[in-house]
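Work through the exercises below with the structure in view. Each task is followed by a solution in steps.

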Amino acid sequence: MKLTKAQYDEIAQFLGHVQPTRQSLRKLKEKFPSQSQSTLLSIFSQEYQKQIKRTHAKHHTAEAIETYYQRYLNGVMKNAAAPILLELANEVELHQTFSICSKLLKWRNNFVKKENINSKEMLTKPNTFAGDTDIKDMWYHLMGATCSKVDFAPSLMARIVLERFLQEKEQAIPSKTLINSMLRDPSQIPDGVLANQVYQCTVNDCCYGPLVDCIKHAIGHEHEVLLREMLLEKSLSFIAEDQLRAKGYDKTPDFILEVPVAVEGHIIHWIESKASFGDESSHQAYLQDQFWSYWNRFGPGLVIYWYGFIEELDCHRERGILLKDCFPTDIVTLRHSMAQR
């Protein structure tokens, strides 16, 4: 399903004001009933990942990692059966906001003189700052900048705490291979409580983690198989990506047509399958990392975004990259062209 830039922006804006939960996904479907469910799900996932990337660095400072780890240890000491890591991931933004506000209030304590106002009221009611506009403005900035945005992904929080745990246990930085293996199979973690905590984060994360990666891989493979079947139905001869890799090619599209075809008046030499929505950031990355390389080596081609794309991005047709949201029905082959003559 193709969307205009305005339609896409409206969806993205809505997602910027909700939490990344399955409940929010249901609200998204109710808000935009005319849009494809698959399209909305793909946009939902992409927007969440963008927001996580914007806040990723601050969660990986030494101070933040130690804070999360100590909070985890304190939590499991009180109740090891509670979903400590999952709750920590969901509340971390709010916790950091109030921590920063508290420090600001202490720092400005000599300048802010208020009577009969307790600290809780000062943190929750900006009007109590009265004429102190610096603190008041900072309160609005902090609350608007964090509480309205997504929390940290549970699977990524689990990774942070797991890595810190292994580092303490082994007195060395664990390898990424070991971390990934334990995230995929928490039974390998040498601590039953942490293994259960990591498992809870993995199964409750709708956009990150090994479970989501497996689902995405399966969906991508499913659409490649679907595209292969459609090419065979059209009796189009092609070379698949695995065959090209076997010949030594590094960057290859999913399918190269042995005999070019025409789609909507444009010559097509290759076809790439993308089981996602084509937004501006992902499409620009694909252009730079993949599509122009394909064009340079194999000639003009077709990209199928099965879950739709922003229609304004289909602006390179004349240069040799065509975008579609489904398999084209108006393919013109050399055989067909010669028969018409």
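**Exercise 1.** Is Ser235 buried or exposed?

Solution. The model is predicted: local features need pLDDT of at least 70, side-chain atom pairs count only at pLDDT 80 or more, and totals for chains, interfaces and linings use all residues. Residues are numbered from 1 along each chain as its sequence is written, and side-chain values use heavy atoms, with hydrogens and water left out.
- Ser235 has a relative accessible area of 54%.
- Ser235 is therefore exposed (over 50% relative accessible area, 1.4 Å probe, protein chains only).
- Ser235 lies in the loop between α11 (210–233) and β2 (238–240); helices (H or I, at least four residues) and strands (E, at least two) are DSSP runs, numbered from the N terminus.
- Its phi is positive, near 60 degrees, and Ser235 is not a glycine.

**Exercise 2.** Find where Gln171 is located and describe its phi.

Solution.
- Gln171 sits in the loop between α8 (154–170) and α9 (176–184).
- Its phi is positive, about 60 degrees, although Gln171 is not a glycine.
- Most residues other than glycine have a negative phi.
- Gln171 counts as exposed, at 67% relative accessibility.

**Exercise 3.** At what angle do the axes of α8 and α10 cross?

Solution.
- The axes of α8 and α10 (residues 192–204) cross at roughly 160 degrees and come within 8 Å. Axes are lines fitted to C-alpha atoms, for helices over the stretch in contact, and angles run from 0 to 180 degrees between N-to-C directions.
- The two helices are therefore roughly antiparallel (angles over 145 degrees).

Notes. Buried means under 20% relative accessible area, exposed over 50%, partly exposed in between (1.4 Å probe, protein chains only). Angles under 35 degrees count as roughly parallel, over 145 as roughly antiparallel, 65 to 115 as roughly perpendicular and the rest as oblique.
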